Amino acid sequence: MALVATDSSTRTQPQPEARVEPETRKFVLTLSCVERAGIVQAVTTFLFERGFNIDEHQQFDDHLRQTLHLRSAFSGTSAYSPERLQEEFRPIAERFDMKFSFHDQTQQRLLVMVSKFGHCLNDLLFRWRGGSLGGDIALVVSNHETHRAMAEAAGIPFIHLPVTPETKLDAERRLLELVDEHSIDLVVLARYMQVLSNDLCRSLEGRAINIHHSFLPGFKGARPYHQAYDRGVKLVGATAHYVTPELDEGPIIEQEVIRVDHSYGPTALSTVGRDAEALALSRAVRWHCEHRVLLDRTSTVVFR
């Protein structure tokens with residue numbers, strides 16, 4: 001009978017159990033308060049004691065207003081939620097009289113409003129598809145049918161919400177219903193050419209961004225590029241700001257300017273202006289979605 005040699009290395013060996021790595025969660029803390037010693041130490045100690053790692057930290061000490069603004073992005077493998085962090089941080093916030101918020105670093109859900117000018121919507125959709133917008137476009141709402149095909153081609157639901165003087169209040173009520181139904185975090189007015197009522201502006205305070213077709217303060221009203229041409233301007237600009245009841249007076253998030261000269265007619269100025277509008281709006285949306293914008297009275301602190 002033949003003997004068969006066996007190699008012990010080929011025998012089945014018990015396999016170690018697969019190691020399950022705990023899920024890493026990412027958060028952002030933003031706060032503002034009066035300047036005083038110990039604030040940063042209190043924040044970093046709070047995060048360290050809970051096993052978090054600070055991934056990004058920025059602060060601005062406004063010595064003129066004697067205030068401090070801070071943004072810390074941090075991560076860890078704990079089961080903490082923004083609500084739990086909010087509650088446990090409250091004693092520190094009360095000690096320093098802080099205005100603060102904890103945010104989960106998940107994509108913000110956006111509702112984009114547009115009328116007949118589609119360049120800003122097109123730019124937002126392009127950046128959204130490329131993953132560089134910072135938020136997730138949930139739906140597009142318009143008072144015209146003009147850009148239904150553009151939205152639906154990108155796979156975004158399009159809702160036609162016509163507005164007349166008689167239906168304005170009903171349309172605004174429906175808009176707020178859509179904000180709730182789709183869990184919208186930010187409303188983006190991408191050249192939406194309707195003035196929002198004071199009540200709607202208050203309802204969307206701090207979560208609605210508008211793009212204005214000039215470098216505010218500047219040429220207001222109709223035909224701004226013709227006004228610019230008549231005055232021989234040398235800079236064309238655009239302003240992205242939060243929506244407030246005071247028309248075009250909300251806290252400014254971002255501005256873009258492009259140099260021009262005497263050879264630019266109204267059409268060329270309009271073309272350059274559209275580029276400025278798209279750039280300013282997309283930056284403002286991204287910075288808001290990343291919790292980089294802190295409101296400070298009638299202005300903003302933006303941690304880029």
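Two strands count as paired if DSSP finds at least two bridges between them. Strands here are DSSP runs (E, at least two residues), helices are runs of H or I with at least four, and both are numbered from the N terminus. With that in hand, look at H57: its bridge partner in β3 is S72.

Okay, some ground rules. This is a predicted model, where local features need pLDDT of at least 70 and side-chain atom pairs count only at pLDDT 80 or more, while totals for chains, interfaces and linings use all residues. Residues are numbered from 1 along each chain as its sequence is written, and side-chain values use heavy atoms, with hydrogens and water left out.

So, confidence. pLDDT is the predictor's own confidence in each residue, from 0 to 100. The protein chain averages 90, and 89% of the residues score at least 70. Residues 1-5 stay under 50, and the model gives them zero contacts beyond four places in sequence; contact here means heavy atoms within 4.5 Å. Where pLDDT is low, the predicted coordinates should not be read in detail.

Now back to that sheet. Four strands form an open sheet, in the order β2-β3-β1-β4, with antiparallel pairing. At the edges sit β2 (53-62) and β4 (99-104), each pairing on one side only. Ignoring direction, neighbouring strands are turned by 10 degrees against each other on average. β2 and β3 (residues 67-76) are joined by nine bridges, and Q59 has L70 as its bridge partner in β3. Helix α2 (residues 82-96) packs on this sheet, touching β1 (25-34), β3 and β4, and its direction makes about 160 degrees with that of β4. For angles, axes are lines fitted to C-alpha atoms, for helices over the stretch in contact, and values run from 0 to 180 degrees between N-to-C directions.

Is β3 enclosed or open to the outside? Ten of its ten residues are buried, so β3 is largely enclosed by the rest of the structure. Buried means under 20% relative accessible area, exposed is over 50%, and partly exposed is in between (1.4 Å probe, protein chains only).

Next, the other sheet. This one is open too, with seven strands in the order β7-β6-β5-β8-β9-β10-β11 and mixed pairing. Its edge strands are β7 (158-160) and β11 (252-259), and the twist averages 20 degrees from one strand to the next. β6 and β7 pair in the parallel sense over three bridges, with V141 partnered by I159 in β7. α3 packs on this sheet, touching β5, β6, β8 and β9, and helix α5 (residues 168-181) lies across β5, β6, β7 and β8.

What about the nonpolar cores? A nonpolar core is a set of buried Ala, Val, Leu, Ile, Met, Phe, Trp, Tyr and Cys residues joined through side-chain atoms within 4.5 Å. The largest has 31 residues, and V112, L124 and V140 are among those touching the most other members. α8 (266-289) is one of the elements supplying at least two residues, and α8 gives the most, with seven. Apart from this core lies another of 22 residues, including L29 and F74.

Last thing: disulfides, meaning pairs of cysteine sulfur atoms within 2.5 Å. The count is zero.
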